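This note concerns the aromatic rings of the structure shown below and the charged groups placed over them.

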Amino acid sequence: MAAVVETSPVLEILVREPEGYSIWNGPPFNNNNQPGIKLEKVPCISAKFSEDGSRLTVTKTDSAISIYDSCNLKEIRCFQIPNVAASALSPCGTYLQTFQKSTTPQEKNVVLWNIETGDPVYQQFQKNMTKATWPSIRFSSDEAVACRLATNEIQFFDAADFSKGILHRLRIPGVAAVELSKVPGSHVAAFVPESKGSPASVQIYACGKELQSQPLARRSFFRCSSVQLNWNHGSTGLLVVVQSDVDKTNQSYYGESKLNYLTTDGTHEGLVPLRKEGPIHDVQWSFSGKEFAVVYGFMPASATVFDKKCKPLLELGSGPYNTIRWNPKGKFLCLAGFGNLPGDMAFWDFVDKKQLGTTRAECSVTSEWSADGRYFMTATTAPRLQVDNCIKFFHYNGSLFFKKMFDKLFQADWKPESQDKLGEIAELIKSVDSMKVEETKPQGLGSTSKKPASVNPRAQKPAAYRPPHAKNAAVVQAEVFSDNYGEMSKNALRNKKKREKQKEKRAAETAAASDAT
């Protein structure tokens, strides 16, 4: 176990509260089951790690953005940018992209800064900022490719030297959204909405100029308001969730959605064969890029794992689920129901194709696996929820490891780590199984409870959903109206005996009065 801990980097967590952000040392905790504090609270407006975890960007005021080295938390550079509305780090932390509110096209309000030199390397005007247009310049995960969505075209840059300007343009009339593949950055997907009776379409192009004469794959569809584009690792497959605002079958108030699958070699362009009707709740690729998991259908939703040829590999059952999280090692899955669902979670071993355990994390807003794949963190955060804000850590099998309550919590994120730095999942699991798992009390940093939790709880059959008021009503009825003394609480039993004595006393008094007359 010691060897595993020494060779694996320490997990870290960014925690942001109203007073500012702090950095915790992640599990396993050595200090009486309490997280170590690597950095005490620092006032800020927002904070976020780069995709590779090497840099940390902190917005301190509406005009000051600091960039830190994530290893030693030393400030690399501080940018003074008046009225900054948004900022984003490039995946490897080489560039900082900022957006300022602008009133005239002459004012170039989107600036790309080189963090090492502090100099702007590219500037442009952008009228507004939306989810589809920010960040304005998109990078592949290795920062080898950079592109930008413009009117009716996609512009490509030399990511190492922006002074060269636009290298080439890919003309796509009506393009409204793009998604650059991440690992490697070899392809780009473009979405063109419906227009004048023409169907909407998603097209895949190669990033090389000489290969862009025609799309490598294309899929058209009617009744499309928006799309979600999801590339796999390896850049060979693209999952497209097509969303329509109106469901013509009138089965859903929220419209309808379909899941399409396209490959860069053109071998598959069509719908993913799902065995149940209803919306697509969530979809995620495995880290290897060879499988993907989907949560779909009307409640109770179903969940299925497919291979890259759209053949089902594993059925994860059905229940009140709308979220799927695949751990970075590709071995474990967490199937959950968050948002307006009660928070049920089921943990699965995909390799051994078995369920490891079930639990519940009510009112969770965010959830994610740790970089080493051993721990699953859920967080209840503001402003989505203003009460019961907390962080919970679970083992890979669903057993609760740690819980901490907050008066108000804004953010809780794992620090990203390269998988090359981490050990094999089998060795990492052994270090977890060798530990004594204990639950913590809700308040404070957590003290151990008297009764240790099971490391590998037996999966329970999901019960039928009952609203909270029905559960409370059942408890009250059991206490007040039950004739079985063994099922009643001590107070209820005491009160019942008292009522019976009073009834007997009144009956005796009535009988005595009648005898006297």
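1. Y95 is buried, and F139 is buried as well, where buried means under 20% relative accessible area, exposed over 50% and partly exposed in between (1.4 Å probe, protein chains only). The model is predicted: local features need pLDDT of at least 70, side-chain atom pairs count only at pLDDT 80 or more, and totals for chains, interfaces and linings use all residues. Residues are numbered from 1 along each chain as its sequence is written, and side-chain values use heavy atoms, with hydrogens and water left out.

2. The rings of F99 and W134 form an edge-to-face pair, because their centres are 6.1 Å apart and their planes stand at 70°. Rings of Phe, Tyr and Trp (its six-membered ring) pair if their centres lie within 6.5 Å; planes under 30 degrees apart count as stacked, over 60 as edge-to-face and the rest as tilted. This pair links distant parts of the chain, 35 residues apart: F99 lies in strand 9, and W134 in the loop between strand 11 (120–124) and strand 12. Strands (E, at least two residues) are DSSP runs, numbered from the N terminus.

3. Both partners deserve a comment on accessibility. F99 is buried, with a relative accessible area of 6%, and W134 counts as buried at 15%.

4. Ring pairs also join Y95, Y122, F139, F157 and F162 into a cluster.

5. Two lysines should be noted. The charged end of K353 sits over the ring of F350, 4.9 Å from its centre, and K404 lies over the face of F406, 5.1 Å from the ring centre. A charge sits over a ring if NZ of Lys or CZ of Arg is within 6 Å of the ring centre and within 35 degrees of the ring normal.

Notes: Helix = DSSP H or I, 4+ residues; strand = E, 2+ residues; numbered from the N terminus.
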